[in-house]
Amino acid sequence: MIEDKLRIIVIYKSLLNDVYKAMINIPKEHYCLKELVINEMFNYLKELYLSNDIINKDVRINLKEKVVIKFKYICSLIRILNENKILGERKYLQISEKEKLILLLFNGWKKI
């Protein structure tokens, strides 16, 4: 298996796994929100790979900007999970630390 070298991808996959596991046993009333969050997060992973591996520099820069914006959207979805008591406070704090780290790493990654 190929190991990911980009630290952002490794941390994001860990974040994705944490959110996915935390949402396994949620009430039926929140299934739509669960599907939205999971679909967005998996689609985002695909976009993250694409924006890192594309060769054309101008296209890559545009994709990286879009990826950062979409990550902020995903962070807001995770915050909604916490507000609706789908994520526990302790789990949310762990996830938000990973979100902060990824946002810091994005600052250097966008310049490359």
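Student: What percentage of the 112 residues of the protein chain count as buried?

Tutor: This is a predicted model, in which local features need pLDDT of at least 70, side-chain atom pairs count only at pLDDT 80 or more, and totals for chains, interfaces and linings use all residues. Residues are numbered from 1 along each chain as its sequence is written, and side-chain values use heavy atoms, with hydrogens and water left out. Buried means under 20% relative accessible area, with a 1.4 Å probe and protein chains only. Of the 112 residues, the share that counts as buried is 37%.

Student: Which pattern does the protein chain follow along the sequence?

Tutor: Helices (DSSP runs of H or I, at least four residues) and strands (runs of E, at least two) are numbered from the N terminus. The chain has 4 helices and 0 strands. Read along the sequence, the pattern is α-α-α-α.

Student: What radius of gyration does the protein chain have?

Tutor: The radius of gyration is taken over C-alpha atoms, and the globule rule is 2.2 Å times the number of residues to the power 0.38. For 112 residues, a compact globule would come near 13 Å, and the chain agrees with this at 15 Å.

Student: How far apart are the end C-alpha atoms of helix 2?

Tutor: The expected span of a helix is 1.5 Å times one less than its number of residues. Helix 2 has 23 residues and should span 33 Å, which agrees with the distance between its end C-alpha atoms, 33 Å.

Student: Which helices do the buried residues of helix 1 pack against?

Tutor: Helix 1 covers residues 7-22. Its buried residues are Ile-8, Ile-9, Ile-11, Tyr-12, Leu-15, Leu-16, Asp-18 and Val-19. An α-helix has 3.6 residues a turn, so residues three or four places apart point the same way. The buried residues of helix 1 pack against helix 2 (31-53), helix 3 (57-83) and helix 4 (89-111).

Student: Is Ile-78 buried or exposed?

Tutor: Ile-78 is found in helix 3. Its relative accessibility is 0%, so Ile-78 counts as buried.

Student: Which residues is Ile-78 in contact with, leaving aside its neighbours within four places in sequence?

Tutor: Contact means heavy atoms within 4.5 Å. With those neighbours set aside, the residues in contact with Ile-78 are Val-19, Met-41, Leu-87, Tyr-92, Ile-95 and Glu-99.

Student: What share of the contacts with a separation of 6 or more comes from residues 24 or more positions apart?

Tutor: The contacts considered here are those in the protein chain with a separation of 6 or more. Residues 24 or more positions apart account for 72%.

Terms used:
Buried < 20%, exposed > 50% of the residue type's maximum accessible area, 1.4 Å probe, protein only.
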